[in-house]
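User: Please go through this model with me by question and answer, and give the cut-offs behind each term as it comes up.

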Amino acid sequence: MFQPTDRSGPASDPDAEARRTLLALCWPEGRKSCPRCGAGAPYQLAGGRLRCGGCRYTFHDFTGRWLNEAGLSPRQWIALARAFAREATAREAAAELGIAYNTAYKALTVLRLALLAQEPDAPQLLAPGAPLAPLAPGGDGTLAPRGADLPVYGILTGPAEVFVDLLPELTAASVLHFMRNFRLGVARHGGVIITDRYKSYDALILCADETLPWNEPPRRRDVVYAESGACPFWDFARPRLRRFKGLSCLRFPLYMKELALRFNMRGADLLPVALTALCAPTPHFAPSPAGASTPEQREQEREHDADDQTGDDGKGEGEATPADEDIAGQTEQRKTRQTKTSKQRSRGRRVRQDEQQSHERHAQAKENQSAPQSSHAPIPPSTD
Ligand SMILES: [Zn+2]
């Protein structure tokens with residue numbers, strides 16, 4: 001599948017063969033260019049390095065690419081990608097490649113990030129201030145959100161694919177609020193909280209940390225929609241999530257996006273996709289409003305929301321009041337507005353029919369004025 005473009009090396013050398021395979025993916029047209037200024041025809045220096053004739057930048061074949069992030073040789077990268085394609089754990093991959101567990105773990109993180117970077121909504125997750133920014137190459141110092149500020153994702157089943165979307169207008173605090181005041185059903189598995197249906201999503205899902213004020217109600221025994229057999233993706237993802245060692249809130253979206261990719265590609269070979277992703281340049285995303293998720297930015301957003309409506313603190317906490325219903329209604333309106341912007345941008349692949357259904361559901365939800373849509377009867381408040 002990966003035909004080397006340069007066959008000058010000895011074909012029997014597996015290291016050289018692996019290098020040629022990856023080079024062909026890095027430079028598919030066979031012409032190298034400067035990763036800094038884009039100028040072509042760099043000249044060759046000793047030791048395989050290259051120098052740009054334009055900006056004088058010295059680089060090598062894999063500079064600025066995901067491949068350059070974990071210190072693996074081309075042959076090790078290919079072996080790692082192969083292990084990943086068949087769902088080997090970091091421990092299994094480490095044993096297979098004869099490398100340290102930490103090295104394998106780091107390289108698998110790089111591979112997951114590389115795959116995520118190919119998705120249309122990558123900027124929402126990787127740009128400065130976004131949930132995965134702390135893991136992005138050259139980390140911008142973004143702090144991972146915690147507690148009530150933890151990000152929330154929606155699982156959406158389209159006609160052909162499933163999507164795990166960051167919902168920047170929601171946080172863990174919103175889910176607690178919906179749960180307490182609108183009786184949105186939830187199930188909890190360790191740190192993972194999955195809710196009943198919410199608007200066009202099969203479920204909202206988040207990974208809670210120890211600082212999330214999860215004090216009421218205690219654990220409910222709801223059967224949420226996604227766990228009633230209605231969401232094949234969750235049936236696929238749930239047992240796999242358990243296999244990820246050290247599932248942290250920070251890495252949670254990385255694993256969820258990986259599982260969505262695996263689900264959408266089940267039956268197909270992930271190896272070519274993984275290698276292509278690894279050979280791509282690491283992206284540099286500008287901070288995007290849609291991906292803004294630092295507590296400060298969200299606080300500003302809340303304040304802005306509060307300005308839009310009278311007599312509400314905009315915090316989404318406390319007893320249910322008509323103002324709370326306004327919040328949910330307003331969230332709905334914001335979502336509907338966003339449908340035409342971030343949705344189209346981040347879900348370019350989603351088919352029109354699904355959009356139409358989503359619009360219809362949004363319209364219907366709007367008519368119902370506020371509460372998150374639950375497919376189950378209201379549950380009496382817990383007395384614990
Ligand atoms: Zn240059």
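**Burial, confidence and helix packing**

Of the 384 residues of the protein chain, 37% count as buried, where buried stands for 20 or more other C-beta atoms within 10 Å of a residue's own, exposed for 12 or fewer and partly exposed for the range in between, with C-beta atoms placed from the backbone. This is a predicted model, in which local features need pLDDT of at least 70 and side-chain atom pairs count only at pLDDT 80 or more, while totals for chains, interfaces and linings use all residues. Residues are numbered from 1 along each chain as its sequence is written.

User: What is the mean pLDDT of the protein chain?

Analyst: pLDDT is the predictor's confidence in each residue, from 0 to 100. In the protein chain 69% of the residues reach 70 or more, and the mean pLDDT is 77.

User: For residues 290–384, where pLDDT stays under 50, how many contacts beyond four places in sequence does the model have?

Analyst: A contact is a pair of residues whose C-beta atoms, placed from the backbone, lie within 7 Å. Over residues 290–384 the pLDDT stays under 50, and the contacts that the model has there beyond four places in sequence number 119.

User: At what angle do helix H2 and helix H9 pack?

Analyst: Helices are DSSP runs of H or I with at least four residues and strands are runs of E with at least two, numbered from the N terminus; the chain comes to 12 helices and eight strands. Axes are lines fitted to C-alpha atoms, for helices over the stretch in contact, and angles run from 0 to 180 degrees between N-to-C directions. Helix H2 (residues 74–85) and helix H9 (residues 271–279) have axes 9 Å apart and pack at an angle of about 135°.

User: Which residues of H9 make the contact with H2, and how do H2 and H9 lie to each other?

Analyst: On H2 the contact is made by Trp77, Ile78, Ala81, Arg82, Phe84 and Ala85, and on H9 by Leu271, Ala274, Leu275 and Leu278. These residues divide into nine nonpolar, no polar and one charged, with Ala, Val, Leu, Ile, Met, Phe, Trp, Tyr, Cys and Pro counted as nonpolar, Asp, Glu, Lys and Arg as charged, and the others, Gly among them, as polar. Angles under 35 degrees count as roughly parallel, over 145 as roughly antiparallel, 65 to 115 as roughly perpendicular and the rest as oblique. H2 and H9 are therefore oblique to each other.

User: Against which helices do the buried residues of H9 pack?

Analyst: Ala274, Leu275, Ala277, Leu278 and Cys279 are buried in H9. The buried residues of H9 pack against helix H1 (14–26), H2 and helix H4 (101–117).

User: Why does Leu111 count as buried, and which residues does Leu111 touch?

Analyst: Leu111 is found in helix H4 and counts as buried because 27 C-beta neighbours lie inside 10 Å. Its C-alpha atom is separated by 9.0 Å from that of Leu80, 31 residues apart along the chain. Not counting residues up to four places away in sequence, Leu111 touches Leu80, Ala81, Phe84, Ala274 and Leu278.

User: Is Glu87, with its positive phi, buried or exposed?

Analyst: Most residues other than glycine have a negative phi. Glu87 has a positive phi of about 65° although it is not a glycine, and is found in the loop between H2 and helix H3 (90–97). With 12 other C-beta atoms within 10 Å, Glu87 is exposed.

Definitions and conventions. Two residues are in contact if their C-beta atoms, placed from the backbone, lie within 7 Å.
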